[in-house]
Amino acid sequence: MSGALPQFPYYADPIGDGRIVRQDITCGVCGLARTWAYVGGIYAQEKPEALCPWCVADGQAAARYDGQFQDADFSEEASAESVLAVLRQTPRVVIWNPIFWPDHCHECCVYLGVLIPSESPELAAASDVVAEAQALARNISKQWDAEDILECAESGSMTVHLFQCRQCGIHKLSLDGT
Ligand SMILES: [Zn+2]
Ligand SMILES: [Zn+2]
């Protein structure tokens, strides 16, 4: 069974990130033969069998395994609805440590991927990204500024996750370890 893949409003490119791959499976939740598999994993007691992207998107996989896809913190500004969708209907973001999932305009932001400045030079130089990097830097040390964060992102000594507001388009960053 094929057809268009489901939409993930809080994860921009789950195929590019390898969370969803072309693979013939029989989904352990819906029982359907699928040509795409979700291979991003879920935080749950029981290890799931094969999962299809559709059962991730509609929340059936999370419901079946009473699990969630993210190990993340959220602010109280983010709508409960969007937090639930990120936790239970969004492919897992690969992290080293639990991350803060940014929000803006009262909604969780969409995950764009790991920021590698040399691969997205315009983005890394954009004023909203630099402002975010500056704020993160100041949280670490008074001696640090945006450039230090972007250098760490480039060298891989820190993982910097890039997000974007679904409403106004502003970029947000979230720091992770290595
Ligand atoms: Zn399924
Ligand atoms: Zn916004």
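A residue counts as buried here if 20 or more other C-beta atoms lie within 10 Å of its own, as exposed if there are 12 or fewer, and as partly exposed in between, with C-beta atoms placed from the backbone. Keep that in mind for helix α3, whose buried residues are Ser82, Val83, Val86, Leu87, Arg88 and Gln89. Helices (H or I, at least four residues) and strands (E, at least two) are DSSP runs, numbered from the N terminus.

A word on what you're looking at. This is a predicted model, where local features need pLDDT of at least 70 and side-chain atom pairs count only at pLDDT 80 or more, while totals for chains, interfaces and linings use all residues. Residues are numbered from 1 along each chain as its sequence is written, and chains are lettered from A and ligands numbered from 1 in the order in which they are written.

Now zoom out. The chain holds 6 helices and 9 strands, and 37% of its 178 residues are buried. Its C-alpha atoms fill a box of roughly 55 × 30 × 30 Å along the principal axes.

An automatic or database domain assignment gives domain 1 (1-94) and domain 2 (96-176). Their C-alpha centres sit 24 Å apart. The contact between them draws on 19 residues from domain 1 and 14 residues from domain 2; two residues are in contact if their C-beta atoms, placed from the backbone, lie within 7 Å. On the domain 1 side, β3 (72-73) and α3 (80-89) each supply at least two residues, with the largest share, 3 residues, coming from α3.

So what do the buried residues of α3 pack against? Their partners are α1 (53-57), α2 (60-65) and β6 (107-108).

Over in domain 2 (96-176), take a look at the open sheet of 3 strands, ordered β7-β8-β9 with antiparallel pairing. Strands pair if DSSP finds at least two bridges between them. Because β7 (110-114) and β9 (171-176) each have a single partner strand, they stand at the edges, and one side of each is left without a neighbour in the sheet. Between β7 and β8 (residues 159-164) there are 4 bridges, and Gly113 stands opposite Leu162 in β8.
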